[in-house]
Amino acid sequence: MIEISNAELRVMQVLWQKQPQTANEVVASLGQDWHEKTVKTLLNRLVSKGALDFDKNGRAYLYYPLIKETEYQQQQSRTFVERIFAGRIAPLVAGFANQNKLKADDVEQLKQLIANWEQEQKND
């Protein structure tokens, strides 16, 4: 999978929200703290990495993502769990639970995911 830095991820998040966008639109979406030259460098890096592509529209380039946000999130989640928790989810969830970082709706979603998984296992 493509390695994306934190700054590049911010650019990707802007393009996942609305696409395609010109470099100037991405700069405007990111806000005043981002310089145009920096954003254009990040866009070019992301194109080189295969995360973005563009269409030329007159003198402007319209950038759009080649990878879906959910695919990237899933890949990064797997990598994190493999690296930090040896591929086990339970210690990750336990860590959040022990720090009272799980909300009631998080717990309900986890219960539903487990119930769905159990049902799929029975059907297989």
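Modeller: Start with exposure. Buried means under 20% relative accessible area, exposed means over 50%, and partly exposed lies in between. Keep in mind that this is a predicted model.

Biologist: Why is tyrosine 61 called partly exposed?

Modeller: Its relative accessible area is 34%.

Biologist: What makes phenylalanine 54 and tyrosine 61 an edge-to-face pair?

Modeller: Their centres are 5.0 Å apart, and the planes stand at 85°. Rings pair if their centres lie within 6.5 Å, and planes over 60 degrees apart count as edge-to-face. Phenylalanine 54 is partly exposed, with a relative accessible area of 31%. Phe54 and Tyr61 also belong to one aromatic cluster with Tyr63.

Biologist: How many aromatic pairs does the structure hold?

Modeller: Four. One of them joins tryptophan 16 and tyrosine 72.

Biologist: Why is the pair of tryptophan 16 and tyrosine 72 called tilted?

Modeller: The centres are 6.0 Å apart and the planes meet at 40°. Stacked needs under 30 degrees and edge-to-face needs over 60.

Biologist: How do you know whether tryptophan 16 is buried or exposed?

Modeller: Tryptophan 16 has a relative accessible area of 14%. The cut-off for buried is under 20%, so tryptophan 16 is buried. Tyrosine 72 has 6%, so tyrosine 72 is buried too.

Biologist: Which residues make the contact between α2 and α3?

Modeller: First the geometry. The axes of helix α2 (residues 23-30) and helix α3 (residues 36-49) come within 10 Å and cross at roughly 115°. The crossing is right-handed. Helix α2 supplies Ala23, Asn24, Val26, Val27 and Leu30; helix α3 supplies Glu36, Val39, Lys40 and Leu43. Six of these contact residues are nonpolar, one is polar and two are charged.

Biologist: What makes glutamate 25 partly exposed?

Modeller: Glutamate 25 is found in helix α2. Its relative accessible area is 33%. That value lies between 20% and 50%, so the label is partly exposed. Beyond its neighbours within four places in sequence, glutamate 25 is in contact with Lys18 and Pro20.

Key:
Residues numbered from 1 in each chain as written. Predicted model: local features only at pLDDT ≥ 70, side-chain atom pairs only at ≥ 80, totals over all residues. Heavy atoms only, no water. Buried < 20%, exposed > 50% of the residue type's maximum accessible area, 1.4 Å probe, protein only. Axes fitted to C-alpha atoms, helices over the stretch in contact; angles between N-to-C directions. Helix = DSSP H or I, 4+ residues; strand = E, 2+ residues; numbered from the N terminus. Left-handed = near helix turned anticlockwise from the far one by under 90°. Contact = heavy atoms within 4.5 Å. Nonpolar A, V, L, I, M, F, W, Y, C, P; charged D, E, K, R; others polar.
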